[in-house]
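Trainee: I would like to go through the ligand site of this model. Can we take it in short questions?

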Amino acid sequence: MITNNPEQTKALAKQFMEGLVPGHGTTIIELLGDLGAGKTTFMHGVGEYFGFTKPLASPTFVIGKHYDLPEGFPWKRLIHIDAYRIESAKELSGIGWHTYASDKSNIIFVEWPSNLETDIHATKRIIFKHINENQRDIEI
Ligand code: ADP
Ligand code: MG
């Protein structure tokens, strides 16, 4: 998909969520792409899908954010991890990846999954590419 502005990227995120059916394991979605490619913007659309009125905070400076989800969804908790700044295994153990990933009531989105230095067994992969100032190529 090509999106022509941030609003379209958020709309694509909502469409993605509408079609997402939980499988047997924990729902884990990896978001790949350079800085500024639109990963966090996509997450804002995910937040809107779940009915949050405030945009999800960018977790770049805190690594992970948790949100309790309202009733009526197949998951109880949304976890948004931005591993961009993870530099050491110490930080990795600090965020408790395996605890998150073993709980099927979580839906987990991970930016910069390779920095976690563990196989995250993602159920979906979304690849963001910068085309020009306002256009992004988003492959699900
Ligand atoms: P990332 O999390 O991948 O580093 P962000 O979502 O934080 O990227 O930043 C994307 C930036 O690009 C934002 O400033 C956003 O307003 C801008 N932008 C411009 N066009 C688009 C688009 N089509 N989709 C998403 N973001 C866009
Ligand atoms: Mg980001």
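Mentor: What follows concerns a predicted model, its ligand and the pocket.

Trainee: Which residues are the closest to ligand 1?
Mentor: The shell counts residues with a heavy atom within 4 Å of the ligand. There are 17 residues around ligand 1. The closest of them are T9, G36, K39, T40 and T41.

Trainee: How far is a polar side-chain atom of K39 from an oxygen atom of ligand 1?
Mentor: A pair of N or O atoms within 3.5 Å is a polar contact. The side chain of T3 has an N or O atom 3.1 Å from a nitrogen atom of ligand 1, and a polar backbone atom of A37 is 3.3 Å from an oxygen atom of the ligand. For the side chain of K39 and a ligand oxygen, the distance is 2.7 Å.

Trainee: How much of the area that ligand 1 exposes when taken alone does the protein bury?
Mentor: Taken alone, ligand 1 exposes 570 Å². The share of this area buried by the protein is 75%.

Trainee: Which element gives the most residues to the shell around ligand 1?
Mentor: Two elements give two or more residues each to this shell: α1, spanning 6–18, and α2, spanning 39–49. By class, the shell has three nonpolar, nine polar and five charged residues. The element that gives the most, with three residues, is α2.

Trainee: What is the volume of the largest pocket?
Mentor: Ligand 1 sits in this pocket. The volume of the largest pocket is about 220 Å³.

Trainee: Which element gives the largest share of the lining of the largest pocket?
Mentor: The lining has 20 residues, with G36, A37, G38, K39 and T41 the closest to the pocket centre. It divides into five nonpolar, nine polar and six charged residues. Both α1 and α2 give two or more residues to the lining. The largest share, three residues, comes from α2.

Terms used
Residues are numbered from 1 along each chain as its sequence is written. Chains are lettered from A and ligands numbered from 1 in the order in which they are written. This is a predicted model: local features need pLDDT of at least 70, side-chain atom pairs count only at pLDDT 80 or more; totals for chains, interfaces and linings use all residues. Side-chain values use heavy atoms; hydrogens and water are left out. A polar contact is a pair of N or O atoms within 3.5 Å; within protein, one must be able to donate a hydrogen and the other to accept it, and residues adjacent in sequence count only if both atoms are side-chain atoms. Accessible areas come from the Shrake-Rupley method with a 1.4 Å probe; for residues, only the protein chains shown count as cover. On a 1 Å grid over the protein atoms alone, a cavity is a set of points where a 1.4 Å probe fits but cannot get out, and a pocket is an open set with protein on both sides within 12 Å along at least five of seven lines; lining residues have an atom within 4 Å of a point. A molecule sits in a cavity or pocket if more than half of its atoms lie within 2 Å of its grid points. Helices (H or I, at least four residues) and strands (E, at least two) are DSSP runs, numbered from the N terminus. Ala, Val, Leu, Ile, Met, Phe, Trp, Tyr, Cys and Pro count as nonpolar, Asp, Glu, Lys and Arg as charged, and the others, Gly among them, as polar. Grid points are joined across faces, edges and corners, and a volume is the space filled by probe spheres set on the points.
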